[in-house]
Amino acid sequence: MLGVGIDWAESFHDVALGRPGEGVISQFRIEHGPAGVQRLVARCLELQPDPAEVRVVLETRHGLLVEALADAGFTVLPVNPDLVARRRGPAKKKDDAEDARICCLLALDAYLDLRKLIPHGQAGTELRAIARDDERAARDERRIGNRLRADLLAVFPAAIDIAAGDLGAAVFLKLLERWPSADALAQASQHDLEAFARQARHGWPARFAARVTEATAASRLPVRPELARAKAGSIRLAATQLLAIRGQRRQWERRMGELLPGAPRTGRDNTPKDPDPGKAFPGGEIYLSMPGLGDRLAARVAGEIGEHFEQFPAPNALQCYAGRAPVTRRSGRSEFTIARRLACNRYLGEAVHQWAFCSLSQSAWAREFYDTKIAAGNNHHSALRKLGNRWLEVLWHCLHKGVVYDEATHTANRAKALSLKPAA
């Protein structure tokens, strides 16, 4: 067996090679590029011809370097940077070459249980990337929307009445993009407003124009003209950004809806057209059968778990990976429980938390479970964390048995399990 420790960076990587019983036998630096990676792979295969016996430890599980090492057939073992930091010695000195040496020693430790990286397939890689980008875009949309609302309250309060509570409506954003100030909108005629509404595909152009006219004619506190002129560009920019994000998220949602069942969805019932089981994401229909999981949320959960869900041998392994399983710490007479794990997949954890909330209106047993926890003194997020824990257990069993979720079957099994549980 050959141990490889890598301290990665953007332009170069420090590498340490070692063998059991000999420790670190070689240290060098490679450039981040095809030549550097080929040099590393060739050097490793010289020392160990079997690529499966090359154990690589580094402090990341993503990136082109990780993909190249996995494609070479090496056993990639990503570790948390805190694990390396704890072994730097009392001085806690940070040095790239020393970190590579520590990673090499971790790879040589036969008693250290490190989880092997199982790369996602093509569908899983695309699904995870799209779902993460969509989640980040949703955060950007909320941030820009809040900033737009603040600007409108400061210099264009009539726009708040025009929006009627929906600042993200496409027609409203297009209106701000064309008339970003109250003075500019006041100069628009009734005919211009109706023509704009028809061009923006509003269902009732005359009604929309009347609402705009009424909002601009209402009496309001005076706004300083120089401030209104200064904020007009910011308002137009925010509206343009929100429209672009909205359009891209719609495209991502359609793509996520195609990847799970393996075919595009059509019709009002949003059913797949001519689904191909060979192109479908493994267990895609199982994810979509779960109460509270739509296309977006199901894609987020499925993309983080990946095609190889057999890497989780038990429900607890999946719960720990998502950060839903609590951590108990005991020392002497003290004992306390930490509800939130620090070492977990936070993308999956956030998706499961939202899944638990969405399931409250679609699953009777989930609502009963949540109400029971609230009545027992748990707060809202604590109850959702425990409900998400239960949903991951249900999902694990459905994936390993290859069956879609059925509310009646699960309710019957749950009632039977509760009846067999001994009274406290």
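A pocket, on a 1 Å grid over the protein atoms alone, is an open set of points where a 1.4 Å probe fits, with protein on both sides within 12 Å along at least five of seven lines; lining residues have an atom within 4 Å of a point. Its volume is the space filled by probe spheres set on the points, which are joined across faces, edges and corners.

This is a predicted model, where local features need pLDDT of at least 70, side-chain atom pairs need 80 or more, and totals for chains, interfaces and linings use all residues. Residues are numbered from 1 along each chain as its sequence is written, and side-chain values use heavy atoms, without hydrogens or water.

The largest pocket here has a volume of about 1,700 Å³. It is lined by 45 residues, and R61, P78, Y321, C344 and N345 are the closest to its centre.

Next, the cores. A nonpolar core is a set of buried Ala, Val, Leu, Ile, Met, Phe, Trp, Tyr and Cys residues joined through side-chain atoms within 4.5 Å; buried means under 20% relative accessible area with a 1.4 Å probe, protein chains only. The largest one has 81 residues, with L152 and M290 making the most contacts inside it. Contact means heavy atoms within 4.5 Å. Leaving aside neighbours within four places in sequence, M290 touches W355, W391, V394, L395, C398 and Y405. Another core, of 21 residues, lies apart, and L2, V4, V37 and C44 are among its members.

Conventions
Buried means under 20% relative accessible area, exposed over 50%, partly exposed in between (1.4 Å probe, protein chains only).
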